[in-house]
Amino acid sequence: MIDIKLIRENPELVRENIRKKFQEAKLPLVDRALELDRLNRAAINEASELRARRNQLSKQIGALMGQAKKDPAKAGEAEALKAQVKADGERLAQLEELEGKYDGELRAVMMRIPQIIDPSVPIGPDDSCNVEVQRFGEPKVPDFPIPYHTQIMESLNGIDLDGARRVAGNGFYYLMGDVARLHEAVLAYARDFMIGKGFTYVIPPFMMHGAIVEGVMSQSDMDAMMYKIEGEDLYLIGTSEHSMIGRYIDQIIPEASLPHTLTSYSPCFRKEKGAHGLEERGVYRIHQFEKQEMIVMCKPEDSMTWYERMWNYSVELFRSMDIPVRQLECCSGDLADLKVKSCDIEAWSPRQEKYFEVCSCSNLGDAQARRLKIRIRGEDGKMTLAHTLNNTVVAPPRMLIALLENNLCADGSVRIPEPLRPYMGGKERLVPAK
RNA sequence: GCGGAAGUACCCAAGUGGCCGAAGGGGCUCCCCUGCUAAGGGAGUAGACGUCUAAACCGCGUGCGAGGGUUCAAAUCCCUCCUUCCGCGCCA
């Protein structure tokens with residue numbers, strides 16, 4: 001969400017930004033916003049004047065009522081004033097309705113106008129124009145065939161998808177034995193990795209109220225992703241970012257306490273509406289998974305530095321587990337409307353001989369903060385909107401695919417990367433059953 | 001989940017329809033006096049949001065847990081909800 005003042009002062013810049021994102025259909029929204037803003041302010045001004053008059057007259061009525069006890073003639077004057085205020089009341093009620101209407105419509109329009117993207121974002125209409133910036137580690141293809149990840153897991157007696165389907169349907173899994181343990185090892189290692197970077201470990205609520213959901217995501221995302229608890233004003237979180245950022249709603253943060261650098265663990269629940277491709281079977285795209293996340297809330301001038309740092313943490317983490325990765329910069333047309341800049345960290349899949357997404361790092365600028373009213377009180381008392389960023393540390397079911405594929409040996413065993421071994425009881429290798 | 005009590009500014013707290021955007025105390029800021037591990041006196045102390053403005057000040061509006069309602073007028077009366085505390089129940 002951008003500042004309405006920016007549209008008032010520089011609508012052309014906002015239009016240009018929309019064109020850069022190849023969303024021409026949204027261009028009329030700019031004029032619509034200007035129109036609604038004008039109408040809204042006119043209504044506010046007229047209503048304010050009426051309220052001011054009501055307050056004044058009501059005071060006079062009070063005084064007259066007091067005098068009327070001694071001088072009955074004053075009662076008539078009071079009645080006359082009452083009638084006038086009552087008459088104003090009807091117009092005021094109309095205006096209040098208009099205020100609500102314009103304000104609501106304006107907000108809806110503003111929600112659809114995209115955040116101004118960073119000048120460094122590559123321009124392109126869709127994900128085919130995303131830019132590979134840099135590779136880390138050698139993408140190797142071994143001379144033996146790499147099976148689909150579920151087969152590797154099955155060979156280790158580590159997964160039961162059939163059972164999960166009976167119990168919860170498609171999109172769920174039972175992880176078992178060493179694979180389940182490896183899943184937890186990855187999470188625990190990633191958690192400690194981030195703690196080592198100075199982040200504060202947080203376990204947030206896994207459910208949240210509707211009002212928070214509306215603050216942290218768009219209506220369309222909500223429909224496509226969120227599970228609602230029947231009969232309660234509660235939704236299951238789709239990522240801990242939701243409850244982590246929601247925590248700051250309507251809050252004023254003292255500048256001295258910034259930056260807030262947090263790493264949160266949570267299960268994530270997603271409907272994942274829409275068609276899923278052949279390569280998204282198994283544990284790639286599922287209704288429930290677990291994730292370690294990083295969240296940073298900082299001063300505006302610091303957000304780009306944090307952005308760079310954050311995606312680099314992901315690279316460092318994956319490299320420490322011997323997984324080759326690359327940084328893929330998101331182009332303008334593929335960038336979500338709330339984001340100023342974002343990139344994916346993709347892990348190498350020796351089976352597909354291509355990279356696939358394992359982390360997504362985003363700088364939201366002040367977009368989220370404006371929606372949620374997250375402000376910073378400066379040392380000088382001035383208020384500014386905070387900048388928010390988030391990045392995946394690791395989402396183990398999916399990253400397990402990369403881990404298993406990249407560490408598979410010709411004999412079918414899986415080498416456990418060094419840093420994970422302490423979390424696996426010292427085990428160095430997973431060996432297939434039989 | 002049931003019963004009881006409560007939610008007012010940084011904190012405590014008074015306030016049952018107009019004279020209340022809110023007494024009093026504490027804290028904090030500034031000033032004066034005194035002079036040394038202290039004490040006394042005075043002044044100031046909603047923050048926020050919206051609007052107005054080139055911007056700031058001022059003004060106006062909103063604001064007493066939240067949202068509705070009654071009324072010319074609501075901290076105050078009515079309804080719904082939320083939160084906290086105490087007791088009981090249930091549960092890891």
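**Entry 1: the second largest pocket**

I looked up which helices line the second largest pocket, and α1 (4-9), α3 (27-68), α4 (73-112) and α12 (367-372) each supply at least two residues. Helices here are DSSP runs of H or I with at least four residues, and strands are runs of E with at least two, numbered from the N terminus. This is a predicted model, where local features need pLDDT of at least 70 and side-chain atom pairs count only at pLDDT 80 or more, while totals for chains, interfaces and linings use all residues. Residues are numbered from 1 along each chain as its sequence is written, and side-chain values use heavy atoms, leaving out hydrogens and water.

I noted 18 lining residues, with Met 1, Ile 2, Asp 3, Ile 4 and Arg 370 nearest the pocket's centre. (A pocket is an open set of points on a 1 Å grid over the protein atoms alone, where a 1.4 Å probe fits, with protein on both sides within 12 Å along at least five of seven lines; lining residues have an atom within 4 Å of a point.) By class, I found 7 nonpolar, 1 polar and 10 charged residues in this lining. (Asp, Glu, Lys and Arg count as charged; Ala, Val, Leu, Ile, Met, Phe, Trp, Tyr, Cys and Pro as nonpolar; the others, Gly among them, as polar.)

**Entry 2: cysteines**

Next I searched the whole structure for disulfides (pairs of cysteine sulfur atoms within 2.5 Å) and found 0. For Cys 330, the nearest cysteine sulfur belongs to Cys 331, 6.1 Å away. (Buried means under 20%, exposed over 50%, and partly exposed in between, using a 1.4 Å probe and protein chains only.)

**Entry 3: salt bridges**

Side chains of opposite charge can pair when their charged atoms come close. I counted 30 salt bridges, each a side-chain nitrogen of Lys or Arg within 4 Å of a carboxyl oxygen of Asp or Glu.

I picked Arg 51 and Glu 99, whose closest N and O atoms are 3.2 Å apart. Arg 51 sits in α3 and Glu 99 in α4, so this pair ties together parts 48 residues apart in sequence.

Then I checked Glu 132 and Arg 326, which meet at 2.5 Å, N to O. They lie in strands β1 and β11, so the bridge ties together parts 194 residues apart in sequence. Is each one buried or partly exposed? Glu 132 is partly exposed at 31%, whereas Arg 326 is buried at 17%.

Notes:
Chains are lettered from A and ligands numbered from 1 in the order in which they are written.
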